[in-house]
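Subject: A structure for you to look through

Hi,

Here is the structure I promised to pass on to you.

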Amino acid sequence: MNNKLLFKVMTTAALLGACALPASAAVTLTDINGSYAEDAINELVEKGIINGKGDGTFDPTGKIQRQDFAILMSKALQLDIGSAPATATFSDVPATHYAYAAVEAAVQAGIIKGQGDGTFGLGQNLSRQDMALIFVRALGVDAAGKGADLKFTDAMQIASYAKDAVAAAVELGLVHGNTDGTFNPTGGAERQAVAAVASQFLKKAEELKNQASAPSEGGDNNTSGTTEPQTPDTPTVNNPANTSGSGSSSGGKSGSGSSNNGGGTTNPGTDPVNTELAYPTFAFSDSRTIAITYNETLDTRYVPTAEDIRVYGKDGSMSYPLTIKGIAIAEKSVVVTLANKLDLDKSVEVTYSSGRQEQHAIRGISGKRSPAITSETVTYRTDDPAALLDKLIQEAQEILDTAQEGNTTGKYPAFAIQSLALSIQSAEYAKNYPGVTADMLKSAINWLEQALTQFENAQVKPLNASLVPSASFVLNNDREEAVLIGDDNFISETDSYDVRNINNLIQIRRGDEQLSTNIVYTRESENSDFKIIIDDSNVGSIQMGSTDSDIELYKSDGGINLTFPAGRIDEGASLLFNIYENGNPEPVQRLTLPITLDETPPTVTESTYSDGVITLVANELLYSEEMDVELRFVMEDSVTGDSIELSHDENDFDSFFQIGEHEFVITLTDQGIAKISDLGAGRFEIRISGLTDFARNELNSGEVITIPVSVR
């Protein structure tokens, strides 16, 4: 086992023990006497790894749920939680769940497989057999075939997928059976069991550490053959944690036309000393900020774009573009801020093309322009990982101390605060661990950086209200009835003229995030008409109004009623929606929904008959109020206009249309077809009543729709 894995083992023990936060210096637990893990619990308390539940108790028989264990394991093993897929692996852990990123990271790492039916088991207690299985997977132990050696009396009850892992965990001394000879594989993993396993992890880690004789993997020695350039003048940038020069770079220019001799590049027919700046130096000033530093102060009027400067990540021989969040000029440096943080000892390639647009060409105050940068390798490094980790812990603690818990803009969910506190505690443990190596410190730095990014992303974004793209509000001045605007609780089907759903008019987001949002009518509040519910929490409200003083709004049992006492609505009138966030007396947004007046009845624009089916197509979407259809077939060669009336009641035809569609279909039954089959050519005459557009203007009211029929 290498030092990197050794660190993961130690961190796992620390994280699993830290079930309650914050930690305290000295704790006396009152409820662990008699626990089989009493010694292990006391050992972890003495080491500052656990501190109980904050009230002097430990709750040794309390359980750990599966999603929380996934979070702990993802932190312990430094899994990439920033690359969660857009589509959830498990049906019961949606992307909006607090544990989504950790669960997906554990899946991608092969540590967690789910329950085999497409679910993860959200909210279920972690079983003893699954705890053993996950620990063994995390250690990378080859457990194949070990299940045959199990001696527990209930070994047959251990799931086949977990048998080998349970046997390996027993062999490693991580888990033990019960005094009655059983293992109880499906029983929930208790907190005292977690403490016992954590204690064994610590002992195993120390044993492996003492056995290790090879130099640490990926040490600090620079074997790349490059030299570390001088750290540039510290630029002033609005950026997260700055490492104050502790993140340095290794240069490694490639490509033709570049040199680092202070004289710039050479262009035929020109004097490079007079026309170009000297070739710059490159350095990371923190985990996502690159400073490109020149030998003179730069002109702030000329700022390159992300089209001019490009940054590429490296994966072996492959390169891929990285997203640039911002580019700024700061004294002698061009400061490039990446959208995502970089792990220590990771490299990027930087290029710069000066020939795109004159106004974006980098130049000094003397007028000299930057040479092109064909390809420059820059590595994020530190000479003192202990100092960098200490600084990062302090910054993380300051962020945590000022963070406010809540569900309104700028605050943080409780799970995010707890997660960052746990990450800080883990980093502190790594920093103070006896014999800690540079690699361990770097792993702790990378994880804490990821934890800070996750915490930053968890901050509650501002409410973002907008009209639903298909939203419209149609009224008819010829109609006198009131129109009600309600919610999902009152309106279960498609909107009708007199009943509309507020959720079909307005949509709410947090920033650009798609969330589980519902707008709910509230009659009790005098200051709001609707509540905004996000993830089952009330976060704001909506108050309605109108630009037309002749439209009256009042509350009823089902929603907001709109009435029109004057009988007419002004052209250009609109509904108004003021959006409020809890705790803010001023509206954060105002939406305007124009009222469309429609007093024009729909018409049939196309009518056809084929094989017993009559199809009518209207120029508007169709709705119905107690629709009635009269259908008659008139013979073409009849002098007197002889005809046959087809009856719906006598099962001669059926009529159908989909509410909110353009088509209306009449289908003759076999009986109806038989009635006209011997009559030769003629025409259908159709009268329809009760079929309307949305504004209740009736289709072809009282008119006959004629469809000619050729000889059959």
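Seven of the nine residues of helix H4 (residues 100-108) are buried, so this helix is largely enclosed by the rest of the structure. "Buried" is under 20% relative accessible area, "exposed" is over 50% and "partly exposed" is in between, with a 1.4 Å probe and protein chains only. The buried residues of H4 are Tyr-100, Ala-101, Ala-102, Val-103, Glu-104, Ala-105 and Ala-106. After H4 comes Gly-110, which has a positive phi, near 80°.

Please keep in mind that this is a predicted model: local features need pLDDT of at least 70, side-chain atom pairs count only at pLDDT 80 or more, and totals for chains, interfaces and linings use all residues. Residues are numbered from 1 along each chain as its sequence is written, and side-chain values use heavy atoms, with hydrogens and water left out.

Now for the whole chain. It has twelve helices and 29 strands; these are DSSP runs numbered from the N terminus, with helices (H or I) of at least four residues and strands (E) of at least two. Of its 712 residues, 48% are buried. Among contacts (heavy atoms within 4.5 Å) with a separation of 6 or more, 69% are between residues 24 or more positions apart.

Next, the helices that pack on H11 (residues 438-458). The axes of helix H10 (residues 414-432) and H11 come within 10 Å and cross at roughly 170°, which makes H10 roughly antiparallel to H11. Axes are lines fitted to C-alpha atoms, for helices over the stretch in contact, and angles run from 0 to 180 degrees between N-to-C directions. Angles under 35 degrees count as roughly parallel, over 145 as roughly antiparallel, 65 to 115 as roughly perpendicular and the rest as oblique. On the H10 side the contact includes Ala-416, Ile-417 and Leu-420, and on the H11 side it includes Leu-441, Trp-447 and Phe-455. By class, this contact of H10 with H11 has 14 nonpolar, three polar and one charged residues. Here Ala, Val, Leu, Ile, Met, Phe, Trp, Tyr, Cys and Pro are nonpolar, Asp, Glu, Lys and Arg are charged, and the others, Gly among them, are polar.

How does helix H9 (residues 385-402) run relative to H11? Their axes come within 9 Å and cross at roughly 25°, and the two helices are therefore roughly parallel to each other. Among the residues that meet are Leu-388 and Leu-392 in H9 and Ala-444 and Leu-448 in H11. The contact of H9 with H11 divides into 15 nonpolar, no polar and two charged residues.

Finally, the strands. Six of them form an open sheet with mixed pairing, in the order S11-S21-S20-S17-S16-S15; two strands pair if DSSP finds at least two bridges between them. At the edges are S11 (473-475) and S15 (517-521), each pairing on one side only. Inside this order, S20 (residues 574-581) and S21 (residues 589-597) run antiparallel and are joined by six bridges, with Asn-578 partnered by Arg-590 in S21.

Strand S12 (residues 483-486) is worth a look too. Both of its faces are covered: Val-483 and Ile-485 on one side, and Leu-484 and Gly-486 on the other, are all buried. S12 pairs with S19 (residues 560-563) in the antiparallel sense over three bridges, and Leu-484 stands opposite Asn-561 in S19. Three bridges also join S12 to S13 (residues 499-501), and these two run parallel; Ile-485 stands opposite Arg-500 in S13.

Happy exploring!
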